[in-house]
Amino acid sequence: MNITSTTIAAVSTPRGKGGVAMIRMSGPSALAVASAMFLPRSGKELSSLPARRAVFGTILDSRDEPVDEGIAVCYRAPASFTGEDAAEITCHGGPAATEAVLLSAVAHGASLAGPGEFTRRAFLNGKLSLTEAEAVGRLIDADTAERLALSAGGLSGNVSREIRAVYDGMLSTMTALYAAIDYPEEDVGDEGEREIGSTLSRSLAAVEKLLSTYRTGKAVADGVRTVICGRPNVGKSSLFNRLTGEDSAIVTAEAGTTRDILRETVSFGGVTLRLADTAGLRESGGTVEQIGIGRARREIREAELVLAVFDGSEPLTEEDGELLDLLSSLGPQIPKIAVVNKVDRGTVLTSEELAKIDAAADGRRIPVSAEKEEGISDLSRAVGEIYASGSVDLRRDAVIWDARQRQALEHARSALAAASEAAGRGDPIDCICTLAEEAMAALDETDGRSVDSAIVDEIFKRFCVGK
Ligand code: GDP
């Protein structure tokens, strides 16, 4: 069945008690359904009133009994979120009232909407690109200022616009070239070849720039799996508390009391850290302690960022040495920062010890006092530098954050690079055009214009019902 032949309804506000709740419906009979269950105070029929106007009236339940009073707004296709006829009825936000209004919509001819079905229809009706639709989902889920900025930027079309600009630039050059191929008596000439060469290199640069934002975008959107590690008592829990801003990990002077791994998502250094506070890296100890340590090692192996804590007020111990070895074994692809804690006590680390730390932590060493809140902003800057968060304006720049977008853009990049090379070699124009077309198809896919319907299904499944 064509999905737009049905009329769907859902509660679009969160479940539970609230001042008001909103029931949304969309589809060919949305206005008929809304008119049947909503009696405007003016005595006129709802569907006869102008669109996009708030109308006060009585809401009827599934047996046409008055159940609440509220506001209805009608939208006529294509001027609605979904691009279809749509109506929104706002009632009082009690769970029973909300349910009764939803059931009334169903009794009057609507069917229950699936997750993300409104946004999906908006996408299918060309109201939003897939990138923008994904941004809607992210906007709803946003729990930090950075995540909000990223999704607001995506929703305002930053990424879609950038991709369109590259695509359109290529399209006009290609159109001219195809005209020349079709009419070979008009030789494409050097100028035509120069033009395609410069279009290709401009497009390649734009795609590479977009791809370079993935590191930041992903670190904000998905978060960075971060491990705070170090031997007992160096101040891991204190640092964890400093970063989370609440007393969520138990801080104690007793060695090895952080038995299990605590997790918290925080906004730090302009990105999102998913923090795990691990137990010390001790080889021996009681059974509970062993479990903690085993997990800590596993956590470090799976980490995307390691914050290795050392106590600067004491000489390095054998355990610190083990941690340094472990850090070195991770290789440079896993970013790590050595956090030298307790600087308020003064540091006793020798230049030799500091050099060891620098070697293991790829030169990233930040002196802090977790307790006195010193050096935390330096730590934040160091994290920001790793994810380039300072050089990207999440709200204004085109920033990609999604593996699907990245994959499609990588495809576009390799096709563009091959086309560029072919142009440089002076290959026949139609060979270059074939590669350029492949790049354009990949760009289309990035923005969701030609993606597989299974992928579209997967994306909208992640949405909540009512969106
Ligand atoms: P963990 O075992 O590594 O989690 O260490 P804790 O965070 O529990 O800290 C161990 C002890 O060091 C506690 O008594 C903390 O108060 C103390 N401590 C932590 N950070 C600092 C700091 O920056 N300066 C000072 N002077 N003491 C600290």
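This is a predicted model: local features need pLDDT of at least 70, side-chain atom pairs count only at pLDDT 80 or more; totals for chains, interfaces and linings use all residues.
Just after helix α5, G157 adopts a positive phi of about 90°. Helix α5 itself spans residues 145-155, and its buried residues are E146, R147, A149, L150, S151, G153 and G154. The buried residues of α8 are Y214, T216, G217, A219, V220 and A221.

Helix α6 comprises residues 158-182 and includes N158. With a relative accessibility of 8%, N158 counts as buried because the limit for a buried residue is under 20%. The side chain of N158 forms a polar contact of 2.9 Å with the side chain of R161. T173 also belongs to helix α6. The relative accessible area of T173 is 5%, and T173 is therefore buried. The side chain of T173 is joined to that of T199 by a polar contact of 3.1 Å.

E84 is located in the loop between β5 (66-75) and β6 (86-93). At 7% relative accessibility, E84 counts as buried. The side chain of E84 reaches the backbone nitrogen of G27 at a distance of 3.2 Å. E84 and A30 are 54 residues apart along the chain, and their C-alpha atoms are separated by 8.7 Å. P50, in turn, lies in the loop between β3 (38-40) and β4 (55-60). The relative accessible area of P50 is 39%, so this residue is partly exposed. P50 and V73 stand 23 residues apart in sequence, while the distance between their C-alpha atoms is 9.2 Å.

Most residues other than glycine have a negative phi, and most peptide bonds are trans. The peptide bond from A77 to P78, however, is cis, with omega near 0°. P78 is situated in the loop between β5 and β6, the loop that also holds E84. N233, a residue other than glycine, has a positive phi near 75°. The position of N233 is in the loop between β8 (224-229) and α9. N233 has a relative accessible area of 34% and is therefore partly exposed. K342 likewise is not a glycine, yet its phi is positive, at about 65°. K342 occurs in the loop between β12 (336-341) and α12 (351-360). At 17% relative accessibility, K342 counts as buried.

The ligand is surrounded by 18 residues, of which the closest are N233, S237, S238, D344 and E371. By class, the residues of this shell comprise five nonpolar, seven polar and six charged. Helix α9 (residues 236-244) contributes the largest share of the shell, namely three residues. In the case of E371, an N or O atom of the side chain is 2.5 Å from an oxygen atom of the ligand. For D344, a polar side-chain atom lies 2.8 Å from a nitrogen atom of the ligand. For K342, the distance between an N or O atom of the side chain and an oxygen atom of the ligand is 3.1 Å. On its own the ligand has 580 Å² of accessible area, and the protein covers 90% of this area.

The structure holds zero aromatic pairs. Charged side chains, by contrast, are found over ring faces. The charged end of R24 sits over the ring of F118, at 4.6 Å from the centre of that ring. R164 is placed over the face of Y167, and here the distance to the ring centre is 4.6 Å.

Terms used. Residues are numbered from 1 along each chain as its sequence is written. Side-chain values use heavy atoms; hydrogens and water are left out. A residue is near a molecule or strand if one of its heavy atoms lies within 4 Å of it. A polar contact is a pair of N or O atoms within 3.5 Å; within protein, one must be able to donate a hydrogen and the other to accept it, and residues adjacent in sequence count only if both atoms are side-chain atoms. Accessible areas come from the Shrake-Rupley method with a 1.4 Å probe; for residues, only the protein chains shown count as cover. Helices (H or I, at least four residues) and strands (E, at least two) are DSSP runs, numbered from the N terminus. Ala, Val, Leu, Ile, Met, Phe, Trp, Tyr, Cys and Pro count as nonpolar, Asp, Glu, Lys and Arg as charged, and the others, Gly among them, as polar. Rings of Phe, Tyr and Trp (its six-membered ring) pair if their centres lie within 6.5 Å; planes under 30 degrees apart count as stacked, over 60 as edge-to-face and the rest as tilted. A charge sits over a ring if NZ of Lys or CZ of Arg is within 6 Å of the ring centre and within 35 degrees of the ring normal. Buried means under 20% relative accessible area, exposed over 50%, partly exposed in between (1.4 Å probe, protein chains only).
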